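Try each task before you read its solution.

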Amino acid sequence: MKMDGFLLLLNKVRTAGKDQYMALCPSHNDHTASLSIKSVNSKILLHCHAGCAAIDIASDLRLTMADLNLNGSNTTPGFRQIEAVYRYTDANGKPFEVVRTNPKGFYQRQPDGNGGYIINLKGIVLTLYHQDKVKLAIGNATPVIFVEGEKDADRLWSLEMVATTNPMGAGKWRNSYTEVLQGADLIVIADKDSPGRDHANRVANSCYSRAARIRILELPGGGKDVSDWLNNGRNRESLKRLITEAPEWKPSRDNKAVGLVCMADVEAEEVDWLWFPYIPKGKLTLLEGDPGVGKSWVSLAIATAVSLGKGLYGMVADEPAKVVIASTEDGHGDTIRPRLDSMAANVKQIYAI
Ligand SMILES: [Zn+2]
């Protein structure tokens, strides 16, 4: 890719000499523009003064190291071309976009308010595609079709059917998305591959207590998804017929058997970190140490940072979040609260069992 294209992906870029620039490093919580960029021998060289590796910086910009070659040839296009842009509004009405690229890839961005984009979703509360129209449809008792991917969803909207999907595709469902589907007459159309079926089940299980009714549908015949199916000469009426015929879905009660999953069918997922590389989100972390070295104090400092939405050391700031403390040793009033106060925690966000 070209240098000017690369610089567009960064924030607070300034010139620092011939073919040399400084910018905010996208890979750590950078306030001082500590990323140095220069071109040497037709390559973009990156050096973060805080120590982030170039490969991580490229990856955070949704690039590969090959993209940092200034004369990427036409046979191996270095920079991905934008193929489609899918516009979302988040749970608070803020706009964000999922960008589909060629070669196939996705990244997310949000408008910066000056006609440009910020290549991250900081401050965005992810939600379902077309969530506003979906909520309206549910209010009118119109069935909602859940598909895998924005392309399929838009295809169904073009047939005047109400459709949605979650950002980033199969394996990226979040339980918070069920809020949009409260009371829905929901039809989940599974892509005809193993990740697609797993995803459909995950969505159905997650929505079960919220949706008014759930049906899971796998389209007959060849092809993988709704678009393939419609391209094979089917239309809105044939889809409506299949939906009418589909039985209501209930969660399986037979969950006691030992199930085996082939690793070939498991999709690799990125770990979401509260504090890289110490505390992954959604997993159990143990903080070990001798008595008296400050384990409880560190735990409360972490709770404080979470309650304030301050990113932990080296992380970018996040939304403030709630914390539950389960302490068997320290008194709530004589130890925990005074320590939290000494660290200026937002104690309204912190609960104790
Ligand atoms: Zn950095």
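Two residues count as in contact if their C-beta atoms, placed from the backbone, lie within 7 Å. Keep in mind that this is a predicted model.

**Exercise 1. Describe how helices α8 and α9 meet.**

Solution. Start with the axes: those of α8 (residues 295–308) and α9 (residues 332–342) come within 10 Å and cross at roughly 55 degrees. The two helices are therefore oblique to each other. As for hand, the crossing of α8 and α9 is right-handed. Next, look at the residues: W297, L300 and T304 from α8 meet I336, R339 and L340 from α9. By class, this contact is made up of 4 nonpolar residues, 1 polar and 1 charged.

**Exercise 2. Work out which strands stand at the edges of the open sheet of 4 strands.**

Solution. Write down the order, which is β10-β9-β11-β12, with parallel pairing. β10 (163–164) and β12 (213–217) each have a single partner strand, so one side of each lacks a neighbour in the sheet, and these two are the edges.

**Exercise 3. Decide whether A200 is buried or exposed.**

Solution. First place the residue: A200 lies in helix α5 (residues 194–207). Then count: A200 has 23 C-beta neighbours inside 10 Å. The cut-off for buried is 20 or more, so A200 counts as buried. Leaving out residues up to four places away in sequence, A200 touches V188, A190 and I216.

Technical notes: Residues numbered from 1 in each chain as written. Predicted model: local features only at pLDDT ≥ 70, side-chain atom pairs only at ≥ 80, totals over all residues. Axes fitted to C-alpha atoms, helices over the stretch in contact; angles between N-to-C directions. Parallel < 35°, antiparallel > 145°, perpendicular 65-115°, else oblique. Left-handed = near helix turned anticlockwise from the far one by under 90°. Nonpolar A, V, L, I, M, F, W, Y, C, P; charged D, E, K, R; others polar. Pairing = 2+ DSSP bridges. Buried ≥ 20, exposed ≤ 12 C-beta atoms within 10 Å, placed from the backbone.
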